[in-house]
Amino acid sequence: FDNTLFDTKAFLSQLAREWSACGVPQALFSRTYRRVRREALYSPRRHIFEIGSGAIKKKTALLEKVQRVHDASRRFIFRDVVPSLKRWKRRGYRLILLTYGDRVFQREKLEKSGIAQLFERVIVTRDPYKVAMVKRLANGSNNIVIIDDNFGALRRLHEKVGGLVTIHVERYRPVDSRIS
């Protein structure tokens, strides 16, 4: 979901702007965001705790800002996503969204983004490589296509689960169109 279907950078940038209105400097937001991501799955509550006592005192206001950004999640879906998903559904593909992250935070973004209903099933996992879940979903099928922004996860899936087609998506880098 993140960085593949959903413009996570724009979402976080908006959240940083919202929190700055509550007195959280953007540099502090970025530094503590990185620390939270290194140590655990990201959630705004963990982020507030990581910022410290000043943010904890403003927790209610900061969580209201999170809700406000969540409510606007639809605008963070990349433009090509909904048309592509609808086209694949019309062609008869089963669409399953398998995403890594904090269950509460991810589900909120997914529901508010408006794309959850385009999938037959939505699964939020705590496994960044998603191997066990992909094995379970594949169940011996050779008709599985995995689209992800995490090249390491795709490589690991390819090694651990046979017969997958993987597509690596990088939304924030220019496309290298050179033919080698």
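This is a predicted model: local features need pLDDT of at least 70, side-chain atom pairs count only at pLDDT 80 or more; totals for chains, interfaces and linings use all residues.
Student: Let's start with the helices. How do α1 and α2 cross?

Tutor: For a helix pair, look at the distance between the axes and the angle between them. Here, the axes of α1 (residues 8–20) and α2 (residues 26–39) come within 9 Å and cross at roughly 130 degrees. That angle makes α1 oblique to α2. As for handedness, the crossing of α1 and α2 is right-handed.

Student: Which residues of α1 and α2 make the contact?

Tutor: On the α1 side you'll find L12, L15, A16, R17, W19 and S20. From α2 come Q26, F29 and Y33. Sort the residues of this contact by class and you get 6 nonpolar, 2 polar and 1 charged.

Student: What about α8 and α9: at what angle do they pack?

Tutor: Helix α8 packs against α9 (residues 151–160) at about 50 degrees, and their axes are 10 Å apart. These two helices are therefore oblique to each other. The crossing of α8 and α9 is right-handed.

Student: And which residues meet there, in α8 and α9?

Tutor: V131, V134 and K135 of α8 meet R156, L157 and K160 of α9. By class, that contact has 3 nonpolar residues, no polar ones and 3 charged ones.

Student: Now the rings. How is a pair of aromatic rings described?

Tutor: You give the distance of the centres and the angle of the planes. In this model the count comes to 10 aromatic pairs. Take F6 and F76: their ring centres are 5.9 Å apart, with 65 degrees between the planes, and the pair is edge-to-face.

Student: Where in the chain do F6 and F76 sit?

Tutor: F6 is in the segment before α1, while F76 is in the loop between α5 (59–71) and α6 (81–90). They are 70 residues apart, so this pair links distant parts of the chain.

Student: Is F6 buried or exposed?

Tutor: Buried: F6 has a relative accessible area of 0%. F76, at 5% relative accessibility, counts as buried too.

Student: How are the rings of F29 and Y33 arranged?

Tutor: Their centres are 6.5 Å apart and their planes are at 0 degrees, so this pair is stacked. Both residues lie in helix α2, 4 residues apart, which is about one turn of the helix. F29 and Y33 are both buried.

Student: Which residues do ring pairs link into a cluster?

Tutor: The cluster takes in F1, F6, F11, W19, F29, Y33, Y42, F76 and F105.

Student: Last topic, the backbone. What is the phi of N3?

Tutor: N3 has a positive phi of about 70 degrees although it is not a glycine. N3 lies in the segment before α1. With a relative accessible area of 21%, N3 is partly exposed.

Student: And what about phi of K130?

Tutor: K130 is also a residue other than glycine with a positive phi, near 60 degrees. You'll find K130 in the loop between β2 (121–125) and α8 (131–138). At 9% relative accessibility, K130 counts as buried, whereas N3 is partly exposed.

How values were computed: Residues are numbered from 1 along each chain as its sequence is written. Side-chain values use heavy atoms; hydrogens and water are left out. Axes are lines fitted to C-alpha atoms, for helices over the stretch in contact, and angles run from 0 to 180 degrees between N-to-C directions. Angles under 35 degrees count as roughly parallel, over 145 as roughly antiparallel, 65 to 115 as roughly perpendicular and the rest as oblique. A crossing is left-handed if the near helix is turned anticlockwise from the far one by less than a right angle, and right-handed if clockwise. Contact means heavy atoms within 4.5 Å. Ala, Val, Leu, Ile, Met, Phe, Trp, Tyr, Cys and Pro count as nonpolar, Asp, Glu, Lys and Arg as charged, and the others, Gly among them, as polar. Rings of Phe, Tyr and Trp (its six-membered ring) pair if their centres lie within 6.5 Å; planes under 30 degrees apart count as stacked, over 60 as edge-to-face and the rest as tilted. Buried means under 20% relative accessible area, exposed over 50%, partly exposed in between (1.4 Å probe, protein chains only).
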